[in-house]
Amino acid sequence: MRIDVVSIFPEYLAPLDLSLVGKARQRGQLDVRVHELREFTHDVHRTVDDTPYGGGPGMVMKPQPWAEALDAVVASGDGGVPTLVVPTPSGRPFTQELAQQLAAEPWLAFAPARYEGIDRRVIEDAAERMPVIEVSIGDYVLAGGEVAVLVIVEAVARLLPGVLGNAESHQDDSFAPGRMADLLEGPVYTKPAEWRGREVPDVLLSGNHQKIARWRREQAFARTLRNRPDLVARWRREDMDKHDLKA
Ligand code: 6GU
């Protein structure tokens, strides 16, 4: 997969060199290219923002640098176009399902904004040439979209074939669609069996895999009831029966 990111703070994307995403890049599974928006300005001050029409607080990102940056990204491809992801608190919610959809794309471009956002015409103009999706990572406001890019890229990258060591390790993630949908993962333990007077639950040492599976489901249900009652509201009777559990 290829990923382009255009930002006025390319340094903010430095974590993409690290850990899972960094390793995927080293292995050639991910081609990440970060571009500096100011390179696409033409004035001495390298201006990327201006005051909003209609008044109001803050500044709006000017259309010209964004348009030229996105044109350059498209021109650097092999004739195809990327899916443009625009992080914004007014976007549609980023979910595991959306991460899976994005992971199926060959090429993503990200346009994280600072200030009050990007001139609307940039999004409309881009949408005439490529798929555009505006995405929010949660109900809070960040100072800019760069951190949202890090979140989205990490969630997508770990779904790419061969990126996670164990191909099955995201099968029962919290929120993964399918068998364990709408259920949070329960607690996990490692050695030692006793630590600061606290013991690992006996059942996990029992070697009885059926009992262990059932205990884990119960823990997952209890945790979901406590932390995410909104998910419980989506539980279906058939799934409860399948898991042999009672709400
Ligand atoms: Cl994608 N961007 C910004 N600036 N704030 C956010 C967000 C995105 N998602 C939630 N808050």
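Arg-46 sits in the loop between β2 (31-36) and β3 (49-50), where helices (H or I, at least four residues) and strands (E, at least two) are DSSP runs numbered from the N terminus. Its phi is near 55 degrees, a positive value in a residue other than glycine. Arg-46 counts as partly exposed because it has 14 C-beta neighbours inside 10 Å; a residue is buried if 20 or more other C-beta atoms lie within 10 Å of its own, exposed if 12 or fewer, and partly exposed in between, with C-beta atoms placed from the backbone. The model is a predicted one, so local features need pLDDT of at least 70 and side-chain atom pairs count only at pLDDT 80 or more, while totals for chains, interfaces and linings use all residues. Residue numbers start from 1 along each chain as its sequence is written.

Arg-196 is another residue that is not a glycine but has a positive phi, here about 50 degrees. Arg-196 belongs to the loop between β8 and β9 (198-199), and it is exposed because there are 5 other C-beta atoms within 10 Å. As for the backbone at Pro-192, a cis peptide bond joins this residue to Lys-191, with omega about 5 degrees. Pro-192 has its place in the loop between α5 (146-157) and β8 (194-195).

Now for the overall layout. The protein chain has 9 helices and 9 strands, and its C-alpha atoms fill a box of roughly 70 × 40 × 40 Å along the principal axes. Of the 247 residues, 23% are buried. The domain assignment gives domain 1 (2-157) and domain 2 (171-247), the bounds coming from an automatic or database domain assignment. The C-alpha centres of domain 1 and domain 2 lie 36 Å apart. Val-73 lies in helix α2 (residues 63-75) and counts as buried because it has 23 C-beta neighbours inside 10 Å.

Strand β6 (residues 107-110) runs parallel to β1 (residues 2-7), with 4 bridges joining them; two strands pair if DSSP finds at least two bridges between them. In β6, Ala-109 is the bridge partner of Asp-4. Strand β6 also runs parallel to β5, through 3 bridges, and here Leu-108 of β6 is the bridge partner of Thr-83.

Strand β5 turns up again at the ligand. There are 13 residues around the ligand, and Pro-87, Pro-89, Ser-136, Leu-142 and Ala-148 come nearest; a residue is near a molecule or strand if its C-beta atom, placed from the backbone, lies within 6 Å of it. β5 (83-93) and β7 (132-136) each supply at least two residues of this shell, and the largest share, 3 residues, comes from β5. The shell divides into 8 nonpolar, 5 polar and no charged residues. Ala, Val, Leu, Ile, Met, Phe, Trp, Tyr, Cys and Pro count as nonpolar, Asp, Glu, Lys and Arg as charged, and the others, Gly among them, as polar.

Helix α7 (residues 209-227) has 19 residues and should span 27 Å at 1.5 Å a residue, which agrees with the 27 Å between its end C-alpha atoms; the expected span is 1.5 Å times one less than the number of residues. Ala-220, Phe-221 and Thr-224 are buried in α7. Seen down the axis of α7, the buried residues fall within an arc of 95 degrees, so they line one face of the helix, the arc being that of the directions from the helix axis to the C-beta atoms. The face of α7 turned away from its buried side carries the exposed residues Arg-226 and Asn-227.
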